[in-house]
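Please open the model in a viewer and keep the selection tool at hand. The tour moves from one selection to the next and states what is found at each stop.

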Amino acid sequence: MIPCYNEEEVLPITAPLFLEELELLQSKGLVNQLSRICFVNDGSSDKTWELITQLSEQNPSFVGISLSRNRGHQNALLAGLMDCRDKCDITISIDADGQDDISVMEDMVNAFFAGCDVVYGVRSSRETDSFFKRTTAQGFYALMGKMGVESVYNHADYRLLSAKALDELAKYEEVHLFLRGMVPLIGFKSTSVEYERHERMGGESHYPLSKMLSLAVNGITSLSVRPIRVVTAAGFVAAVIGLIGIAWSFIGWLLGSTVSGWASLAVIICFFGGMQMLSLGVIGEYVGKTYMETKRRPRFAIDKRTGTRTL
């Protein structure tokens, strides 16, 4: 299952590789001959959907669905998983860019036969990353852990899920998705397979720093209330500091040692003003998510399908 957003440059390169791996797994008897490669077009503005349609016409092993509009990587991924869950025993999700090592799918399937319902693809190292990318990625996982979000270190969305796991995932109905944190909540037997991540085979990355930060914020606020508790603790500390300041000012006034000045007043105002705005921002993030969740809007809408789908 492969989510795609503006992947016209890379699909002609990676689609044959996905097909080659599928045929290898079929030849070894690890997957059924009716197994399919399902592309999910996430409202692409380029020729991604046309390419998916052409692939499906050329080979029945390729199928595709197209969302009515761009809903983001996580929603596109969920759309594919939910569309396939009643038609398969397992699904393997992977990005279209060819960075994840396709060859470890065999290890994933073997782990499934060994009794695992969830198999995570985990990067063995980040030596190929730039210093900035490596540092921000490590900070991302560290922050998620500190904020109480259970996730697998160096795992993105390359994973195997059994039909049993998919059925349980379908019960999680939140609108704001962070599948890397939701899947571990299922709790079935799981394992990891390690692989070396390659360079992107074509096109440009769709996950710049801004999207990584957005994903982190969404993951934390969707799966943890620890930021609210941090704000509460910070508010308590600020209140104590404020009381000490009031007592110090009052004692100084009684002793007649007060000196008029704006610096100390400006510092105090800025400190407490900043704390209040930060607190309101964190609380507002949770209120906003609660507002969106109560609407219970559909997380995706499927607009088109390729030919007659058979999975």
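Residues are classed by relative accessible area: buried means under 20%, exposed means over 50%, and partly exposed lies in between, with a 1.4 Å probe and protein chains only. The structure is a predicted model, in which local features need pLDDT of at least 70, side-chain atom pairs count only at pLDDT 80 or more, and totals for chains, interfaces and linings use all residues. Residues are numbered from 1 along each chain as its sequence is written, and side-chain values use heavy atoms, with hydrogens and water left out.

**Whole chain.** Display the protein chain as a cartoon: its secondary structure comprises 10 helices and 8 strands. These elements are DSSP runs numbered from the N terminus, helices being H or I with at least four residues and strands E with at least two. Of the 311 residues in the protein chain, 43% are buried.

**Aromatic pairs.** Rings of Phe, Tyr and Trp (its six-membered ring) pair if their centres lie within 6.5 Å; planes under 30 degrees apart count as stacked, over 60 as edge-to-face, and the rest as tilted.

Select F112 and F113 to see a tilted pair, with 5.5 Å between centres and 55° between planes. F112 is partly exposed, at a relative accessible area of 21%, whereas F113 is exposed, at 52%.

Next, select Y158 and Y195, whose ring centres are 5.4 Å apart and whose planes stand at 75°, so the pair is edge-to-face. This pair links distant parts of the chain, 37 residues apart: Y158 belongs to strand β6 (residues 155–162) and Y195 to strand β7 (residues 190–195). Are these two tyrosines buried or exposed? Y158 counts as buried because its relative accessibility is 1%, and Y195 counts as buried because its value is 4%.

**A lysine over a ring.** Move to K164, which lies over the face of F188 at 4.4 Å from the ring centre. The criterion is NZ of Lys or CZ of Arg within 6 Å of the ring centre and within 35 degrees of the ring normal.

**H155.** Finally, select H155 in strand β6. H155 counts as buried, at 1% relative accessibility. Which residues does H155 contact, leaving aside its neighbours within four places in sequence? They are Y120, G121, V122, Y141 and R180, where contact means heavy atoms within 4.5 Å.
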